[in-house]
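Here is a short walk through one structure. Start in a loop, then move to the helices and the ligand.

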Amino acid sequence: NLERLSMDDPSTPDAMDIRLDARHPAFREDPHAILDDLRARCPVHQDSVLDRVVLTRADDVAAVLADRTLSSDPFKGRPTTYGRAGLTDADRPDLPLPFLDDPDHARLRRLVVQAFSVRAVEALRPRIEAIAATLLDRIDPTRPFDLIADYAVPLPTLVIAIMLGIDDAEIEQFKAWSDAVLIGYAPGRTEAEVRDRNAANDGLNDCIRRAIVERRREPRDDLIGALTAAEAQGERLSDIEILNTCRTLLVAGNVTTTDLIGNGSVALLRHPEQAARLRADPGLWPAAIEEMLRYDPPVVSWNRQCIDDRLIDGCPVEAGQTVTAMLLAANHDPALHAAPHDFDIGRDRQKHHSFGGGAHFCLGASLARLEAQVALSALFDGFKQLRLAPGHDLHRKAIPRFGGYETVWLTAV
Ligand code: HEM
C-alpha cells in the first residue's frame with residue numbers, strides 16, 4: 001500500500017524510486033532535475049517500489065499513449081501495480097470514460113464527443129466571459145487575493161454547471177457540492193470533510209438525476225439534454241451512464257482547468273517580458289496557452305496497463321505492469337524542443353503531450369483551452385499591475401499525477 005510507504009524514510013529499500021511523484025518534496029520543488037537525469041540515463045525506468053515502468057522521452061510517451069494494444073483499465077494491471085493503487089473491487093463497475101477499453105470506451109465516447117466539438121465549445125465563449133467578469137468584480141484589488149480560491153477554482157465549476165444545464169437558482173448549491181466532493185477526496189482530508197463529501201455526493205447525484213428526468217420529459221438544449229437525446233448506431237445512454245458521465249466531466253475538467261489557470265498565471269508573472277508581448281499582441285493568446293500547457297502541465301503523468309510481456313525500447317515490461325507516461329518530462333525533452341525549460345510563447349513548434357493521446361485524447365481539450373484563454377486574458381487585462389504577492393510562498397500540491405499550486409497569492413496594486 002502506497003500510503004504506508006514513508007516517502008522520506010531512507011531505510012525504505014528503493015526510496016529513491018518514490019522520488020518520481022509530487023508527494024516527494026524534491027520532486028515538487030524541482031521535478032526537472034530528476035526527470036532530465038532519468039531521461040538521459042534511463043528513459044525506460046523500472047520503478048520497483050511502485051511496480052511500474054516510467055517513460056520520460058517524448059517519442060516513447062507519444063507511442064505508448066497512442067498504442068491501442070495497451071489498456072487504460074487499471075484493473076488490467078496486477079494488484080501490486082501503481083495504476084491499481086487505492087482501487088477496490090467495488091470501483092470496478094463504475095469506471096469512468098478515461099479508464100474504459102473498447103468496446104465500452106468507443107460506444108460511450110461516440111455519444112458524448114459532439115457536445116465537446118470546437119464549434120459547440122466556442123458557442124460558450126460569451127457565457128465564460130461573463131463568469132470571468134463576475135468573479136473578477138468580486139475581487140478587492142486593494143488587498144492580496146488567492147487566485148486559486150477566488151478565480152481558478154470557481155470558474156471551471158460554474159462553466160460546467162452552465163454546460164450541463166443546471167438552473168440558475170441551483171448553481172451556487174451545485175458549486176458548493178462540487179467543492180465539497182473535491183475536498184473530500186484530497187489527501188489529508190478530515191473526517192468532517194469526508195462526511196461533507198458523502199452528503200455532497202448525494203446532493204449532486206439527486207440534482208443530476210432530477211435534470212435527467214426533466215430532460216426526458218421535455219428536451220432542452222444543454223449537455224444533460226444532449227446526453228439524454230444522444231443516439232449513435234442505435235445506442236443510447238442509460239440514466240446511470242449519463243449520471244456517471246456528468247460526474248466524470250466534473251472530476252476530469254475542474255481541477256485540471258484550475259491548475260492550468262494557476263500554473264499559466266505564475267509562468268506569466270515570472271516572465272514579465274512574455275506578459276508584455278501578450279499585452280502588445282493579444283493575438284498571441286492561443287500560442288501562450290499552448291506554451292503554458294507544455295511548460296507546466298496540470299496532468300504530470302498518465303498511465304496505461306501492459307497486458308502482455310513486451311519490450312519498450314529493448315527494455316522488458318511485464319504483463320500487468322503499469323506504464324507511466326511522464327507528460328511533463330516528454331514536454332521538456334530536448335529532442336522535442338530547443339531550450340525546453342525556457343517559457344517562450346513565441347516557439348515555432350508548440351507540440352506537447354499534456355492532453356494525453358490516441359483514442360483517449362482529452363475530450364475537454366477545446367473547452368480547457370477556451371476557458372484558460374478567456375480567464376487569463378480577462379485577468380491580465382483587468383489588472384495591469386498584477387504580481388506575485390510578497391511574503392506568500394508558492395507551494396505545489398503534494399498529490400500524485402497532478403501538478404498545480406495550493407494557493408497563488410497575488411497583488412494588483
Ligand atoms: C482525458 C488532461 C480538461 C474531460 C484526459 C487525459 C489527460 C487530460 C492527460 C488522459 C488522456 C489519455 O488517456 O491519453 C486534461 C488537461 C485539462 C483537461 C491538462 C485542462 C487543462 C478537461 C476538461 C474536460 C475534460 C475541461 C471536460 C469538461 C476529459 C475526459 C477524458 C479526459 C472525459 C477521458 C477521455 C477518454 O478517455 O476518451 N484529460 N484535461 N478534460 N479529459 Fe481532460
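G391 is found in the loop between β10 (387-388) and β11 (409-411). Helices (H or I, at least four residues) and strands (E, at least two) are DSSP runs, numbered from the N terminus. The model is predicted: local features need pLDDT of at least 70, side-chain atom pairs count only at pLDDT 80 or more, and totals for chains, interfaces and linings use all residues. Residues are numbered from 1 along each chain as its sequence is written.

G391 is exposed, with 8 other C-beta atoms within 10 Å. With C-beta atoms placed from the backbone, a residue is buried if 20 or more others lie within 10 Å of its own, exposed if 12 or fewer, and partly exposed in between. W409 is 18 residues from G391 along the chain, and their C-alpha atoms are separated by 9.1 Å. R401 is found in the loop between β10 and β11. Its phi is near 75 degrees, a positive value in a residue other than glycine. R401 is partly exposed, with 15 other C-beta atoms within 10 Å.

Two other loops deserve a look. D313 lies between β7 (310-312) and β8 (315-317), and its phi is near 50 degrees. D313 is exposed, with 12 other C-beta atoms within 10 Å. P103 lies in the loop between α3 (58-66) and α4 (104-112).

Now take helix α2 (residues 31-41). P31, L35, L38 and R39 are buried there. They share one side of α2, because they cover an arc of only 100 degrees around the axis. That arc is taken over the directions from the helix axis to the C-beta atoms. The face turned away from the buried side carries the exposed residues A33, D37, A40 and R41.

Next comes a helix pair. The axes of α12 and helix α14 (residues 285-295) come within 9 Å and cross at roughly 100 degrees. Axes are lines fitted to C-alpha atoms, for helices over the stretch in contact, and angles run from 0 to 180 degrees between N-to-C directions. So α12 is roughly perpendicular to α14, a label for angles of 65 to 115 degrees.

Finally, the ligand. Its surroundings comprise 29 residues, the closest being G253, G356, H360, C362 and G364. A residue counts as near if its C-beta atom, placed from the backbone, lies within 6 Å. The elements giving two or more residues to this shell are α12 (239-270) and α16 (365-382). α12 gives the most, with 7 residues.

Technical notes: Parallel < 35°, antiparallel > 145°, perpendicular 65-115°, else oblique.
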